[in-house]
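Colleague: I'm new to this one. Can you walk me through it?

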Amino acid sequence: MNQNQATADFTAESVQRQRTMMAILGVLALTTYVYFPILLHMFNTWRSNPDYSHGLLVVPLALYFAYGKAPQLRKAKIEGSWWGIAILTAGVGSLCVGELGGLLTALRGGYVLSLMGLVLLLAGKRVFDLLLFPMLFLFLMVPLPQSLVNIIAFPLQLIAAGWAVQSLQSFGIPALLEGNIIHLAHTQLFVAEACSGLRSLMALMTLGVVLAQFFRAGRVVQQSILIATTIPIAIVVNAMRVSLTGVLASHFGREAATGVIHEFQGMITFSMAFILLLGEARLLESGSKLIKRMRRLKESPT
C-alpha cells in the first residue's frame with residue numbers, strides 16, 4: 001500500500017512538473033510572440049548586412065547548448081525566484097527606452113533580458129544557472145549600435161592601413177599612407193569601413209565563444225584567454241588581407257584587388273584566423289596537461 005502510494009505520489013509529481021515546464025515554455029513563447037516584430041527586423045539585418053550574418057547561427061547554437069543541459073534540467077528543482085523580477089524589469093525597461101528613443105540595440109537586448117528574467121522568476125535559480133550560458137550567448141546575435149560601430153571601425157581602418165603600408169614597404173613596394181588611403185605607384189586603395197576587420201572580429205569572437213564552450217568547458221581562465229585573443233587575431237589577419245590586396249593592386253592593377261578575388265582573400269584570411277584559434281585551443285590544452293603533470297610529479301613522494 002505504501003509502495004503504491006509512493007508510486008502514485010511520484011507520478012503525480014512528474015505530471016505536475018511537466019505541466020509547470022509546459023506553462024513556462026508557453027510564457028517564453030508568448031514573450032517571443034510579443035517581440036516578434038523586433039526579432040523579424042533583426043533577422044532581416046542578419047540577412048542584409050554581412051557584418052552580422054553570424055547572427056543566423058547564434059539562435060540554433062544557443063538552442064543546441066541548452067539541449068546539452070537537458071539531463072541536468074530534468075533533475076533540476078523548479079522553484080521560482082523573485083530575483084527574476086529585477087532582470088525582467090531591466091528587460092522591459094530596455095524595451096521602453098528602445099521604443100521611446102528609437103534604439104534598436106535596446107529593443108533587441110530587451111528581449112534577451114526578458115527571457116532571462118522570466119526563466120529565473122518562473123523556473124528558479126538552478127534552471128537559470130544551467131541555462132545562463134545559452135541565454136548570454138544570445139546577446140551575440142544583437143547587432144551593435146551604429147554609433148559604436150563608427151567609434152570602433154575607423155581606428156581599425158587606420159591600423160589595417162598602417163600595417164599594410166609597412167608590409168608593402170618591407171617588400172620594396174612604394175606605398176604612402178594618407179589617413180585610410182594607401183597610395184601606390186599606379187593606383188590607390190581606400191581602406192573602407194567594410195575592410196576595417198569588424199566583420200571578421202564579430203564572426204571570430206562568436207566562433208571563439210563556441211570553441212571555448214566546446215573544447216574548454218568549465219575552464220574559465222582558458223575560455224577567457226581564447227575569447228580575448230580573437231581580437232588581436234582578427235586585427236592581424238585583416239591587416240594581412242589589406243597588405244595582400246596592396247601587393248595584388250601594385251603588380252596586377254586595381255582590378256586584381258576587387259570583386260571575386262577580394263572575396264576569396266576574405267575567405268582565405270578568415271580560414272587562417274580560424275586555424276590560429278584552433279592552434280591556440282590546442283596549445284592551451286597541452287599547457288594545461290603539462291601543468292597538471294608537473295604538479296603530480298611535485299606532489300608524488302620521491
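Modeller: K289 counts as partly exposed because its relative accessibility is 48%. Buried means under 20% relative accessible area, exposed means over 50%, and partly exposed is in between, with a 1.4 Å probe and protein chains only. This is a predicted model, where local features need pLDDT of at least 70, side-chain atom pairs count only at pLDDT 80 or more, and totals for chains, interfaces and linings use all residues. Residues are numbered from 1 along each chain as its sequence is written, and side-chain values use heavy atoms, with hydrogens and water left out.

Colleague: Okay, and which side chain does K289 meet in a salt bridge?

Modeller: That of E285, at 3.7 Å from N to O. A salt bridge here is a side-chain nitrogen of Lys or Arg within 4 Å of a carboxyl oxygen of Asp or Glu.

Colleague: Why are K289 and E285 separated by about one helical turn?

Modeller: Because they sit four residues apart in helix α12. Helices (H or I, at least four residues) and strands (E, at least two) are DSSP runs, numbered from the N terminus. Salt bridges with shared partners also tie R282, E285 and K289 into one network.

Colleague: How many salt bridges turn up in the whole structure?

Modeller: Four. One of them joins D129 and K125, at 2.9 Å from N to O. Both residues lie in helix α7 (residues 125-137), four residues apart. K125 is exposed, at 54% relative accessible area, while D129 is partly exposed, at 36%. Another salt bridge pairs K77 with E79, where the closest N and O atoms are 3.8 Å apart.

Colleague: Switching topic: what does the inside look like?

Modeller: The largest nonpolar core has 51 residues, and those with the most contacts inside it are Y111, V119, V127, F137, L138, M141 and L226. A nonpolar core is a set of buried Ala, Val, Leu, Ile, Met, Phe, Trp, Tyr and Cys residues joined through side-chain atoms within 4.5 Å. Helix α6 (residues 104-123) gives the most to this core, nine residues. There's also a second, separate core of 13 residues, with A160, I173, L184 and V242 among them.

Colleague: What is M141 in contact with, leaving aside its neighbours within four places in sequence?

Modeller: M42, W46, G55, V58, V59, Y111 and V112. Contact means heavy atoms within 4.5 Å.

Colleague: Last thing: what about the overall build?

Modeller: The protein has twelve helices and three strands. Its C-alpha trace spans about 95 × 70 × 30 Å along the principal axes. The radius of gyration is 25 Å, whereas a compact globule of 302 residues would have one near 19 Å. That radius is taken over C-alpha atoms, and the globule rule is 2.2 Å times the number of residues to the power 0.38.
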